[in-house]
Amino acid sequence: MKKLPLQKQEDVAFVEAMVQAEPEFKSYLILYCSRIGGCKTDEITKLILKKLFSDNVAALYSWLGAKQKRIFSHLTLAEIILYSVRANNKNATDKDITDSIKNWLRHAATRQKNHTHRNLSLIIKCLYFETIDNKLGIRQKLSSTNEVGIQVNCLDLTEITCSSTKCIKTIDECVSIYKKELDVDRLTNNEIIQLVLNKHISMYQLENVVRDSKRAVMIRRQVFGKEERYKNIFCSLPIDNFDYDKVFGTCCENVVGYIPIPLGIAGPIKINNHLYNIPMATTEGCLVASITRGCKAVSLYGVESKVIHDGMTRGPVVRFPSASRASVALKWLQNLSNFNLLKQKFDSTSRYAQLIKLKPCIAGRYLFIRFVATTGDAMGMNMLSKATETSLKYMQERFLDMELLSLSGNFCTDKKPAYINWIEGRGKSVISEAIVPSTTITSVLKTTVSAIVDVNISKNLIGSSLAGAVGGNNAHAANVVTAIFLATGQDPAQNVVSSNCITLVEPWGPKGEDLYISCTMPSLEVGTVGGGTILSAQGACLDMLGIKGELSLLAALSAGHVVKSHLKLNRSKSAMK
Ligand SMILES: CC(C)(COP(=O)([O-])OP(=O)([O-])OC[C@H]1O[C@@H](n2cnc3c(N)ncnc32)[C@H](O)[C@@H]1OP(=O)([O-])[O-])[C@@H](O)C(=O)NCCC(=O)NCCSC(=O)C[C@@](C)(O)CC(=O)[O-]
Ligand SMILES: NC(=O)C1=CN([C@@H]2O[C@H](COP(=O)(O)OP(=O)(O)OC[C@H]3O[C@@H](n4cnc5c(N)ncnc54)[C@H](OP(=O)(O)O)[C@@H]3O)[C@@H](O)[C@H]2O)C=CC1
């Protein structure tokens with residue numbers, strides 16, 4: 001077996017012999033190389049070179065044999081590269097391509113020195129050869145190759161099939177294969193695209209149909225890419241190095257790639273005597289710097305933080321024939337033994353969700369019931385929805401005239417500003433406090449206690465109240481909440497309610513030279529299991545915080561960051577001076 005990238009001169013000699021002896025193998029390699037991708041000529045060329053040659057072997061070559069190296073331009077592989085690059089970019093000239101090759105070969109020795117283990121060898125089973133050569137119509141020719149087969153990445157092999165610009169089968173044959181066998185293993189990507197374009201397969205069902213998430217994403221991109229206006233879009237949208245299996249059916253539909261967001265680390269910050277670094281995904285320059293300065297400002301005494309209440313909510317709306325019937329149901333709900341009956345039903349739906357409270361509210365013949373429950377380490381919205389639905393079914397057995405209008409009656413309230421969350425709390429209710437010594441106020445924040453207090457009163461208290469803000473008595477809690485939510489796989493839309501925060505500051509100490517600051521956040525909707533936390537990058541950020549399975553800490557941490565972020569107020573004040 002040989003592996004790509006080729007590691008030794010003997011491997012190169014072997015493949016050279018193969019491509020010269022087996023025209024089909026040469027075509028196969030061209031297809032393989034032309035699907036490696038890239039946008040500009042230099043990038044395409046280097047990606048191909050990187051897939052084919054290790055730095056070890058590349059260091060033995062120069063384009064024309066200079067420095068007594070082997071002559072790369074004499075290789076049939078060089079011809080294959082030129083051909084494959086042009087297949088990607090028709091405008092690529094021989095000079096552009098050879099310049100890229102020369103340059104890449106020239107630096108091989110340095111790369112080799114710097115990254116001895118960088119070689120990303122792509123391994124797969126020879127089994128795929130059979131599938132692929134069938135698809136390409138090469139058939140048994142490569143069976144001899146199997147003994148010596150080059151190992152390549154199965155995904156790349158799949159790409160090869162899609163690279164074919166023509167359909168080998170007619171659309172009717174494709175439909176027949178798809179319908180009869182209900183799988184598309186025998187179809188090339190291009191043939192599947194034809195099935196999508198002809199509406200035999202829904203775009204969003206590709207994962208189910210091809211049973212290979214990455215292949216589905218690639219096909220979808222190609223379908224969209226057929227539209228002139230999207231032709232160049234996908235060059236800038238990454239596709240690789242992402243676990244699409246985790247996404248499908250859980251995090252997103254109709255997936256065509258992912259959006260990279262810069263991830264910064266703020267801190268460290270001391271919360272309840274532990275030091276944390278804070279992962280923040282943001283595109284707002286200055287934010288991480290601001291939070292890091294805030295963390296520095298409270299580093300002497302650290303932050304004390306507590307979760308004072310825990311309860312995720314779902315508030316359905318039901319309707320009765322009359323207000324008086326609705327009031328009977330209201331009374332029924334207020335009875336403790338009925339609560340316990342409902343709780344039994346509610347709790348039976350999950351190992352973790354536990355009903356702790358019901359808050360009914362009546363408006364004419366409409367009854368709103370706010371179910372409040374703890375949800376273990378999960379944010380809990382799906383759990384609440386499932387458990388609430390089961391509880392309501394039980395209630396409907398008691399109240400045959402009860403009509404369920406909506407499982408969410410906006411009395412929850414999820415993803416909308418609402419006083420009920422501000423007053424009653426939702427998710428984790430967290431308080432955090434810190435003391436900033438006078439010396440820090442001067443040296444790190446470069447302002448005064450009175451200036452900070454002044455800004456906090458005028459802006460966060462008076463200004464926000466004049467504006468009629470709900471939970472907006474702060475400077476930029478949403479900045480911190482959202483950046484941490486994105487980094488750690490929380491539901492980003494829940495920044496609306498989670499950013500509720502009131503920041504309070506006072507002069508502190510015998511002479512009032514120090515600053516006391518607190519942040520109260522009644523509705524942090526966070527989890528360390530479920531939702532986007534299952535994705536590996538987001539999981540890694542949770543690992544950085546060391547809080548998987550210890551949710552209260554995340555809540556505390558978020559609040560702690562906000563404490564720090566609010567110290568940024570001094571900066572505005574300085575600027576005003
Ligand atoms: C899931 C559906 C769409 C099914 O809807 P359905 O009608 O059962 O599905 P269908 O199989 O009959 O398909 C109908 C069409 O939906 C689309 N469709 C169907 N499936 C897909 C898919 N996989 N990917 C992409 N598109 C899809 C597609 O256009 C399809 O037409 P077709 O192309 O087949 O002719 C529907 O039940 C729905 O919209 N549910 C609501 C889900 C939702 O909005 N979730 C957001 C989270 S809830 C939340 O965050 C806030 C909340 C709820 O708490 C706020 C509150 O308090 O109100
Ligand atoms: N449905 C809706 O209306 C809304 C849904 N969402 C979305 O809901 C998702 C989050 O829902 P959520 O309910 O948090 O997550 P999940 O739907 O992923 O539910 C959590 C799952 O993890 C299991 N679990 C395992 N270990 C634990 C543990 N230690 N603590 C808690 N649960 C554990 C639960 O078990 P078990 O099965 O025993 O409960 C449950 O199956 C997000 O994707 C969010 O975007 C957001 C807003 C509204």
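**Figure 1. Thr-413 lies in the loop between S11 and helix H20 (419-424).** The view is taken from a predicted model, in which local features need pLDDT of at least 70 and side-chain atom pairs count only at pLDDT 80 or more, whereas totals for chains, interfaces and linings use all residues. Residues are numbered from 1 along each chain as its sequence is written, and chains are lettered from A and ligands numbered from 1 in the order in which they are written. Helices (DSSP H or I, at least four residues) and strands (E, at least two) are DSSP runs numbered from the N terminus. The peptide bond that leads from Cys-412 into Thr-413 is cis, with omega near -20 degrees.

Figure 2. A residue is taken as near a molecule or strand if its C-beta atom, placed from the backbone, lies within 6 Å of it. Ala, Val, Leu, Ile, Met, Phe, Trp, Tyr, Cys and Pro count as nonpolar, Asp, Glu, Lys and Arg as charged, and the others, Gly among them, as polar.

**Figure 3. Ligand 2 has 20 residues around it.** Those that come nearest are Ser-350, Gly-376, Asn-382, Gly-530 and Gly-531. Seven residues of the shell are nonpolar, nine are polar and four are charged. Domain 3 (263-309 + 426-576) and domain 4 (316-406) each supply at least three residues to the shell; the domain bounds come from an automatic or database domain assignment.

**Figure 4. Strands S9 (residues 354-363) and S10 (residues 366-374) run antiparallel and are joined by nine bridges.** Two strands pair if DSSP finds at least two bridges between them. Ala-363 has Tyr-366 of S10 opposite it. Two residues separate the strands of this hairpin, and Gly-364 takes a positive phi near 60 degrees.

**Figure 5. Strand S14 (residues 501-508) pairs with strand S13 (residues 472-473) in the parallel sense, and with strand S15 (residues 514-524) in the antiparallel sense.** Two bridges link S13 and S14, and Asn-473 has Ile-502 as its bridge partner in S14. Seven bridges link S14 and S15, with Val-505 opposite Ile-517 of S15. S14 and S15 form a hairpin with five residues between them, and Gly-509 in the turn has a positive phi of about 85 degrees. In a regular strand the side chains alternate between the two faces of the sheet.

**Figure 6. A cis peptide bond joins Gly-267 and Pro-268.** Its omega is about 5 degrees. Pro-268 is placed in strand S5 (residues 263-271).

**Figure 7. Val-57 is placed in helix H4 (residues 55-58).** Val-57 counts as buried because it has 20 C-beta neighbours inside 10 Å. A residue is buried if 20 or more other C-beta atoms lie within 10 Å of its own, exposed if 12 or fewer, and partly exposed in between, with C-beta atoms placed from the backbone. Beyond its neighbours within four places in sequence, Val-57 is in contact with Leu-6, Gln-7, Lys-8, Gln-9 and Val-12; contact requires C-beta atoms, placed from the backbone, to lie within 7 Å. The C-alpha atoms of Val-57 and Ile-362 are separated by 77 Å, the two residues being 305 residues apart along the chain.

**Figure 8. Lys-67 and Asn-241 are residues other than glycine with a positive phi.** In Lys-67, phi is near 60 degrees, and the residue lies in the loop between strand S2 (61-62) and strand S3 (70-71). Lys-67 is exposed because 6 other C-beta atoms lie within 10 Å. In Asn-241, phi is near 60 degrees, and the residue lies in the loop between helix H14 (213-225) and helix H15 (244-247). Asn-241 is exposed because 8 other C-beta atoms lie within 10 Å.

**Figure 9. Phe-399 is placed in the loop between helix H19 (381-398) and strand S11 (403-406).** Phe-399 is partly exposed because 17 other C-beta atoms lie within 10 Å. From C-alpha to C-alpha, Phe-399 and Val-328 are 9.6 Å apart in space, and they are 71 residues apart in sequence.

Definitions and conventions
Two residues are in contact if their C-beta atoms, placed from the backbone, lie within 7 Å.
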